[in-house]
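The plan is to jot down what I look up, one stop at a time.

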Amino acid sequence: MDLPFEASEYIGRQERVFAELPDSSILIIPTNDKKIRSNDVVYPFRPNSYMLYLCGWMEDEGVFVAHNHGGNINSTLFVPQRDTKKEIWEGIRIGVEGAKSWPVTTTSALENLESEIHQMIELSDHVFSISGVSKSIDDICNISDTIRDPRPIIDPLRRVKSTKEIQYMQEAANIASNAHKFAMMKASPNMGEWEIQSSVEARFMSSKSTWSFPSIVGGGGNATVLHYKSNDCIVRDGHLVLVDAGCEVSGYASDITRTWPINGSFTEPQKEIYELVLKAEKAGISACQVGSPWTHMHRVVSEIIAQGLIDLGVLKCDIHEALGDENKLDGPFRNFFMHGTGHFLGLDVHDVGGGRQGDPGAPESLEQGMVLTIEPGLYFADWRSDIKIPERYSGIGIRIEDDVLITNDGPVVLSASCPKEISEIESIVGSGV
Ligand SMILES: [Mn+2]
């Protein structure tokens with residue numbers, strides 16, 4: 001099996017982590033536990049992202065253990081042993097011998113973990129492990145309160161992508177862009193949301209990819225539910241459909257949202273909101289500059305959205321009142337744009353190292369090699385009783401989301417091939433039925 005990266009890239013990551021850890025530290029990273037659905041049926045397995053990051057181990061059991069006693073990094077990958085009887089059912093395992101070609105110092109059988117780990121912990125002054133990932137490994141290692149979380153050290157490193165990581169992310173963005181475009185082409189009024197979902201995901205699968213999060217396909221008012229997931233309604237003629245879907249390549253995610261009319265023509269009110277969201281999105285992308293504060297994009301986007309809502313007569317106040325508190329930006333525009341402007345993207349769709357814009361743990365400012373999403377939206381949920389929804393826009397939900405790479409030469413939109421201009425969308429929707 002080929003690993004997505006050269007050994008030197010994994011070793012470099014391990015070295016950068018240990019450069020931040022004190023001497024005599026041990027780092028224990030388990031992969032995710034298999035989750036049983038019922039009897040002998042398990043949910044699809046996805047390796048733990050920290051495991052993928054540090055050594056690329058993809059099998060559904062395994063623990064990466066490394067320490068820096070005496071200055072050198074010494075790592076062991078504990079893996080399941082070959083077992084013909086099991087392999088007849090579940091497929092051939094890489095095994096202890098096979099795992100030696102992974103970027104670690106040595107390998108050992110997973111069943112040795114219990115006897116070896118306690119001595120390794122004993123010899124270490126500092127123990128770092130992510131608890132809660134694998135209950136069985138937590139139990140074996142007897143994870144206690146004295147164990148420290150290595151994520152605040154690893155996450156900032158994961159935030160900046162290498163050339164090879166960016167290649168995978170570009171590939172994931174290309175596949176998802178094509179998938180969205182394909183779904184637009186295949187669309188017609190009164191289609192089921194699930195049929196649109198199947199167009200998108202068919203493209204993921206035929207590209208040897210898979211979704212990076214469950215696809216959201218919301219027609220009409222369903223688009224106003226931010227994490228809508230049932231995808232089981234009909235998209236009526238005259239309605240918009242919001243499709244938020246992305247895939248992964250070698251573990252790296254894309255995350256794209258497009259909103260388009262199922263019959264290929266925007267109505268005037270839909271166009272008014274769409275144009276405002278698109279304007280805010282483009283301004284948010286332009287604001288993705290090296291050195292920009294993490295909160296900057298959200299501020300830029302919020303100002304345009306708030307002013308736009310005033311211009312459309314949705315908000316009847318001045319811009320200061322619409323935006324609310326200078327720092328919190330918590331004014332009444334948030335009734336219609338209630339989520340963040342974006343998030344980091346990488347091995348996880350909501351990647352580590354920043355959370356939502358404005359969350360603690362975020363970077364001071366953007367650096368070359370970071371990848372994030374810009375995704376403003378406006379939602380006029382007709383089912384809400386807490387606010388008054390303007391009749392003209394009632395039931396409209398629109399989000400536009402692209403994946404953006406930060407470079408010294410300005411933002412690069414990885415998902416640029418996914419149509420978002422009104423004229424492009426109107427000519428593509430339904431063109432390939
Ligand atoms: Mn997103």
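**Ile319**

I started with Ile319, which lies in helix 12, residues 319-323. The model is a predicted one, so I keep that in mind for every entry. Is Ile319 buried, exposed or partly exposed? I found 14 other C-beta atoms within 10 Å, so Ile319 goes down as partly exposed.

Next I asked which residues Ile319 is in contact with, leaving aside neighbours within four places in sequence. I wrote down Ala306, Gln307 and Ile310. I also checked the spacing to Gly308, which is 11 residues from Ile319 along the chain. The C-alpha atoms of Ile319 and Gly308 are separated by 9.7 Å.

**Helix 10 and helix 11**

Helix 10 covers residues 268-286 and helix 11 covers residues 296-311. I noted an angle of about 155° between them, and their axes are 8 Å apart. An angle over 145 degrees counts as roughly antiparallel, so that is how I describe helix 10 and helix 11. Helix 10 passes helix 11 in a right-handed crossing.

**Helix 1 and helix 7**

I then turned to another helix pair: helix 1 (residues 7-18) with helix 7 (residues 151-159). Their axes come within 9 Å and cross at roughly 135°. Arg13, Arg16 and Val17 of helix 1 make the contact with Ile153, Ile154 and Leu157 of helix 7. I counted these by type too: four nonpolar, no polar and two charged in the contact of helix 1 with helix 7.

**Two residues with positive phi**

Most residues other than glycine have a negative phi, so I went looking for exceptions. Ser24 has a positive phi of about 60°, and it is not a glycine. I found Ser24 in the loop between helix 1 and strand 1 (25-30). Ser24 is partly exposed, with 13 other C-beta atoms within 10 Å.

Asn39 also went on the list: its phi is positive, about 45°, although it is not a glycine. Asn39 is in the loop between strand 2 (36-38) and strand 3 (41-42). How many other C-beta atoms lie within 10 Å of Asn39? I got 6, so Asn39 is exposed.

Ala99 sits in the loop between helix 4 (95-98) and strand 6 (106-109). I put Ala99 down as buried because it has 23 C-beta neighbours inside 10 Å. Not counting residues up to four places away in sequence, Ala99 touches Leu77, Val79, Ile94 and Thr107. I also looked up Pro47: Ala99 and Pro47 are 52 residues apart in sequence and 16 Å apart in space, C-alpha to C-alpha.

Ser115 has its place in helix 5, residues 113-122. With 10 other C-beta atoms within 10 Å, Ser115 is exposed. I checked Ser115 against Trp260, and they are 145 residues apart in sequence and 58 Å apart in space, C-alpha to C-alpha.

**The whole chain**

Last, I stepped back. I noted 13 helices and 20 strands in the protein chain. The C-alpha atoms fill a box of roughly 70 × 50 × 40 Å along the principal axes. Why did I write "agrees" beside the radius of gyration? A compact globule with 433 residues would have a radius near 22 Å, and the protein chain has 24 Å, which agrees. Buried residues make up 45% of the 433 residues. Among contacts with a separation of 6 or more, 68% are between residues 24 or more positions apart.

Notes: Residues are numbered from 1 along each chain as its sequence is written. This is a predicted model: local features need pLDDT of at least 70, side-chain atom pairs count only at pLDDT 80 or more; totals for chains, interfaces and linings use all residues. Helices (H or I, at least four residues) and strands (E, at least two) are DSSP runs, numbered from the N terminus. The radius of gyration is taken over C-alpha atoms; the globule rule is 2.2 Å times the number of residues to the power 0.38. A residue is buried if 20 or more other C-beta atoms lie within 10 Å of its own, exposed if 12 or fewer, and partly exposed in between; C-beta atoms are placed from the backbone. Two residues are in contact if their C-beta atoms, placed from the backbone, lie within 7 Å. Axes are lines fitted to C-alpha atoms, for helices over the stretch in contact, and angles run from 0 to 180 degrees between N-to-C directions. Angles under 35 degrees count as roughly parallel, over 145 as roughly antiparallel, 65 to 115 as roughly perpendicular and the rest as oblique. A crossing is left-handed if the near helix is turned anticlockwise from the far one by less than a right angle, and right-handed if clockwise. Ala, Val, Leu, Ile, Met, Phe, Trp, Tyr, Cys and Pro count as nonpolar, Asp, Glu, Lys and Arg as charged, and the others, Gly among them, as polar.
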